[in-house]
Amino acid sequence: MHVDDTISADQALRLINRGTNLYWKGDYHNAKQLLSALARRLPTNRTAPFKAQRRAQAERTRILNALLIPLTNHQVPLRRAPDVSAACAEAYGPPTGNRWVPLRELLGVIGAHQLRLRGVHVPALGDRIHPHYTVFAPTRSEYADLVAEHPLPPGARTAFDIGTGTGVLAAILARRGIPRVLATDNNPRAVECARENLHRLRLTAEVLHTDLFPPGRADLIVCNPPWIPAKPLTPLDHAVYDENSRMLRDFLRTAREHLQPRGEVWLILSDLAEHLGLRTGHELLTLIHTGGLRVAGQQDVTPRHGRARTGETTTLWKLQGF
Ligand SMILES: C[S@@+](CC[C@H](N)C(=O)[O-])C[C@H]1O[C@@H](n2cnc3c(N)ncnc32)[C@H](O)[C@@H]1O
């Protein structure tokens, strides 16, 4: 149903709860205010059990995504609308005429565009990394510090960065002087993003679009897999949520086949999943041993990020074949 500035948030919520999508015809800023008013009516409970929180999050997403605004060739034909053409081109590709998009999604697209322009300062690189839409942004810098500081395997000549995202860890490995760095990701947006970042930093590393490993063997294999074993709900979730720990399991099951005889695997993982009751420390060690690997060392760091849980630890697990 078409709605405009005259609708109240309570009326809007009632309509959405009856299954009606709201097609906005009014002022762009008023649409944003309505979205905020709807969001305030859907409180989040950060102390509820994880599964209940995810269910509430999915419901919240469904409700807020029911407020749609028009997009005509990547322009919003509404009063006081900003120019969103560059942001939309980055997220959606070339314009395709008229469509309706959830305002909430569009705000995410605009936010991602601004983050891409501004970049994220990564202290371990002394430089900025520019994330693309849906690509994991290295805003928690402590895990990058671990990769920048941990002693390299003696004489390491080849390193793999599995699930490279923005390419941040590949960039650190190349900066540390490893002559051949190969990075992979199964998200084409990440592949493009990593290539762009490495090019901008004038670092040489090859980036391949593939599932897990590139061909060949490496002296060092680094992997920072998605940390939360739960179903992704949106395209933005894929870098953080990994249903049934699929990537982690497949990585640990096969990493040894891609490792030089005295090579090292550096697995970067937070114990957030353990705090949420989604995985135990014992399960992780079992996966490591089942893959023919042993723990040869570990370096822990406490996340400094504002959203980190009390007691959360990020670990670089140094693994070797046995
Ligand atoms: C937590 S992000 C880490 C990104 C980056 N390495 C970093 O540390 O900032 C995990 C990355 O793994 C990628 N990924 C997930 N499953 C994968 C797979 N099977 N093969 C390759 N990459 C994968 C995701 O697309 C995402 O970019």
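This is a predicted model: local features need pLDDT of at least 70, side-chain atom pairs count only at pLDDT 80 or more; totals for chains, interfaces and linings use all residues.
First, the ground rules. Local features need pLDDT of at least 70, side-chain atom pairs count only at pLDDT 80 or more, and totals for chains, interfaces and linings use all residues. Residues are numbered from 1 along each chain as its sequence is written, and side-chain values use heavy atoms, with hydrogens and water left out.

Start at the ligand. How many residues surround the ligand? There are 19, each with a heavy atom within 4 Å of it. Among the closest are Y143, D185 and N224.

Now the polar contacts, meaning pairs of N or O atoms within 3.5 Å. One lies 2.6 Å from a side-chain N or O atom of D211. On its own, the ligand has 600 Å² of accessible area, and the protein covers 96% of that (Shrake-Rupley method, 1.4 Å probe).

Next, helix α3, residues 50-64. Helices here are DSSP runs of H or I, at least four residues, numbered from the N terminus. Why does its length agree with expectation? At 1.5 Å a residue, its 15 residues should span 21 Å, and its end C-alpha atoms are 21 Å apart. That expected span is 1.5 Å times one less than the number of residues.

Which residues of α3 are buried? They are F50, R54, T61, I63 and L64, with buried meaning under 20% relative accessible area (1.4 Å probe, protein chains only).

How values were computed
A polar contact is a pair of N or O atoms within 3.5 Å; within protein, one must be able to donate a hydrogen and the other to accept it, and residues adjacent in sequence count only if both atoms are side-chain atoms. Helices (H or I, at least four residues) and strands (E, at least two) are DSSP runs, numbered from the N terminus. Buried means under 20% relative accessible area, exposed over 50%, partly exposed in between (1.4 Å probe, protein chains only).
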